[in-house]
Amino acid sequence: MNALLSVRDLTVRYPGHGRRSTPVLAVDRVSFDVAAGETLALIGASGSGKSSTAAAVLMLRRPDGGRVHFDGRELTALDERALRPLRPSVQPVFQDPYGSLSPRLPVRQAVAEPLRVQGRWDPASGPRRVAELLETVQLDPRLGERLPHELSGGQCQRVGIARALASEPRLLVLDEPVSALDPSVRAGVLNLLTGLQERLGLAYLFICHDLPLVRHFAHRVAVMDNARIVETVPASALYASGGPLVQQPPAADSCTAPAEAARQPMP
């Protein structure tokens with residue numbers, strides 16, 4: 001497999017708090033690959049290290065050890081200035097569809113913001129590009145005048161996807177993208193993501209805790225337990241021979257990036 005994303009021996013530690021002075025090992029020498037056009041699901045119980053892994057892949061949190069390669073370039077060896085031209089190619093979609101959008105920005109501005117940050121905004125063609133992005137995620141462009149609180153959760157998550165697509169990424173890091181949505185809305189968002197992958201050749205790193213959902217959405221599944229990947233299987237084999245070594249948790253963990261940071265477009 002020719003990997004678009006290659007992660008080797010990724011390690012993330014957090015400082016101890018209170019009486020606990022020993023650092024907490026959140027990710028312990030994790031390795032995996034994601035090919036172009038592939039969905040790798042990262043599953044595990046709450047606190048197993050999934051979202052810390054996602055944050056490190058996005059370079060929202062610098063790893064304490066290991067290497068992250070994207071399209072042949074080692075991201076972990078680059079400073080922030082050198083990373084900036086590569087960030088558009090790796091974009092996040094966060095768990096909370098409302099919290100990831102600024103409550104003060106109309107939808108059209110939220111979708112346009114990555115283009116402005118990246119210096120790609122054209123006043124002549126920009127509004128048309130925003131309308132195209134909203135149509136791509138199956139939203140009426142007239143919704144661009146609304147604020148996030150005027151939309152449903154499913155509509156807000158589609159706006160978040162449109163904002164990620166504005167950068168023309170090759171990899172989306174999806175951190176529990178449907179866990180905050182009503183069950184009746186989840187299928188529509190997942191079908192949208194599947195269609196976008198087929199149309200645009202996107203790769204997905206899909207953080208999730210819902211085993212039946214993963215079975216039908218992902219190509220491969222990596223199971224995390226106690227900060228390590230303990231098993232990687234094809235999604236078609238998820239329930240074969242007893243299934244992967246994970247119990248479905250009662251609740252999902254969310255990305256470790258602060259909520260305010262989640263509202264900012266990736267530069």
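## A walk through the helices

Let's start with helix H1 (residues 50-57), which is mostly covered: eight of its eight residues are buried. Buried here means under 20% relative accessible area, while exposed means over 50% and partly exposed is in between (1.4 Å probe, protein chains only). Helices (H or I, at least four residues) and strands (E, at least two) are DSSP runs, numbered from the N terminus. The buried residues of H1 are Lys50, Ser51, Ser52, Thr53, Ala54, Ala55, Ala56 and Val57. After H1 comes Met59, with a positive phi near 60 degrees.

Bear in mind that this is a predicted model, where local features need pLDDT of at least 70 and side-chain atom pairs count only at pLDDT 80 or more, though totals for chains, interfaces and linings use all residues. Residues are numbered from 1 along each chain as its sequence is written, and side-chain values use heavy atoms, leaving out hydrogens and water.

Stepping back, the protein has eight helices and ten strands. Of its 267 residues, 51% are buried. Take the contacts (heavy atoms within 4.5 Å) between residues at least 6 apart in sequence: 72% of them join residues at least 24 apart.

Now for helix H5 (residues 153-165). Its 13 residues reach 18 Å from first C-alpha to last, close to the expected 18 Å at 1.5 Å a residue; the expected span is 1.5 Å times one less than the number of residues. H5 is mostly covered too, with twelve of its 13 residues buried. Among them are Cys156, Val159, Ile161 and Leu165.

Two pairs of packed helices are worth a look. Axes are lines fitted to C-alpha atoms, for helices over the stretch in contact, and angles run from 0 to 180 degrees between N-to-C directions.

| Helix pair | Angle between axes | Distance between axes |
|---|---|---|
| H5 and H6 (residues 183-200) | about 20 degrees | 10 Å |
| H3 (residues 107-117) and H4 (residues 126-136) | roughly 110 degrees | within 10 Å |

Angles under 35 degrees count as roughly parallel, over 145 as roughly antiparallel, 65 to 115 as roughly perpendicular and the rest as oblique. H5 and H6 are therefore roughly parallel to each other, and H3 and H4 are roughly perpendicular.

In the H5 and H6 contact, Gly154, Arg158, Ile161 and Leu165 of H5 meet Val185, Gly188, Val189, Leu192, Leu193, Leu196 and Leu200 of H6. By class, that contact has eight nonpolar, two polar and one charged residue. (Ala, Val, Leu, Ile, Met, Phe, Trp, Tyr, Cys and Pro count as nonpolar, Asp, Glu, Lys and Arg as charged, and the others, Gly among them, as polar.)

Over at the other pair, Val107, Arg108, Val111, Ala112 and Leu115 of H3 meet Arg129, Val130, Leu133 and Leu134 of H4. This contact of H3 with H4 has seven nonpolar, no polar and two charged residues.

Leu192 sits in H6 and counts as buried because its relative accessibility is 3%. Not counting residues up to four places away in sequence, Leu192 touches Thr136, Val137, Gln138, Arg158 and Ile161. Leu192 and Gln138 are 54 residues apart in sequence, yet 8.1 Å apart in space, C-alpha to C-alpha.

Asp9 is not a glycine, but has a positive phi of about 55 degrees. Asp9 lies in strand E1 (residues 3-14) and is partly exposed, at 39% relative accessible area. Ala227, also a residue other than glycine, has a positive phi near 80 degrees. Ala227 is in the loop between strand E9 (220-225) and strand E10 (228-234), and is buried with a relative accessible area of 4%.
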